[in-house]
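Colleague: Please take a close look at one part of this model: the loop backbone, phi angles in particular. Then set that part against the rest of the chain.

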Amino acid sequence: MILFLFGEDTYRSHLKLAQIKARFIDASLGDTNLAVLDCDDKTIAYDQIVREVLAIPFLSKSRLVVLKNLLSKASKKLQEQTVGLLEKIPESTVMVIYESEKVDRRTAIFKKLNVSKSTQEFKLLEPYQLKQWVKDQVSSQGGSIDNQAIERLIQYIGNDLWRLSNEITKLTTYNLQLTTDMVDLLVKPKITANVFDLIDAICNNNIKKTQQELHKLLDIGENEIYIHTMIVYQFRNLL
């Protein structure tokens, strides 16, 4: 079995990988048959991958081999070698190919892996999904949050589930009833360099530069309400 996990939302893909490893360790009574190889480590060689994949399970029915960042960090040669290995994986080995960074969809190995029924792409959550995710996270920590506070939290942080998770933990530690005032008090907005450039152009009354920077932000997918919120936030700080 080959599982392929990738996508921009590394928070949810990382959580999925952690769940797979935890279930395997519980079922196998330990991590003796678990191997994790990260191609970000340039010392990882093809022979090492082969040994882990073809190894016979020890006092268990199966082994779990996690190969990280093969498509984003490994050399082209190592990728090509691994494509051939995929056909030789024994039934006793479960292989998880996990990508924590953006991958090139044009490569042969991606096309081969992406047709698998066991492929899971973790796309960034849609706005309505993100709002529900925030609500669920707060609820899982025993708290509650109103809709305005959810909107403000998303405006300040965006679609970064790693930081959202940390901020929700901080907020619920402070008070289980989350409000907009609490978000304003405790959460520092994520402000991109382009937002600073836009505000600088506004302060200098440079209309042409302002228009250029605004369109840059819109072109990379920033929300209009987020842009407005950041401008207001910065001017409040200046005042």
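Modeller: Helices (H or I, at least four residues) and strands (E, at least two) are DSSP runs, numbered from the N terminus. The model is predicted, so local features need pLDDT of at least 70 and side-chain atom pairs pLDDT 80 or more, while totals for chains, interfaces and linings use all residues. Residues are numbered from 1 along each chain as its sequence is written, and side-chain values use heavy atoms, without hydrogens or water.

Start with leucine 59. Leucine 59 sits in the loop between α2 (46-54) and β3 (63-68). Its phi is positive, about 55°, although leucine 59 is not a glycine. Most residues other than glycine have a negative phi. Leucine 59 is also exposed, at 78% relative accessibility (exposed means over 50% relative accessible area, buried under 20%, partly exposed in between; 1.4 Å probe, protein chains only).

Asparagine 205 also has a positive phi, near 60°, and is not a glycine. Asparagine 205 lies in the loop between α10 (193-203) and α11 (207-219). Its relative accessible area is 64%, so asparagine 205 counts as exposed.

Now the aromatic rings. There are 6 aromatic pairs (ring centres of Phe, Tyr or Trp, its six-membered ring, within 6.5 Å; planes under 30 degrees apart are stacked, over 60 edge-to-face, the rest tilted). Phenylalanine 4 and phenylalanine 6 are stacked, because their ring centres are 4.7 Å apart and their planes stand at 20°. Phenylalanine 4 is buried at 1% relative accessibility. Phenylalanine 6 is buried too, at 3%. Tyrosine 11 and tryptophan 133 pair edge-to-face, because their centres are 5.7 Å apart and their planes meet at 90°. Tyrosine 11 belongs to helix α1 (residues 10-28) and tryptophan 133 to helix α6 (residues 127-140), so this pair ties together parts 122 residues apart in sequence. Tyrosine 11 and tryptophan 133 are both buried. Ring pairs also join Phe4, Phe6 and Phe110 into a cluster.

Last, the chain as a whole. The protein chain has 12 helices and 7 strands. Buried residues account for 41% of its 239 residues. The C-alpha atoms fill a box of roughly 65 × 45 × 30 Å along the principal axes. Of the contacts (heavy atoms within 4.5 Å) between residues at least 6 apart in sequence, 75% join residues at least 24 apart.
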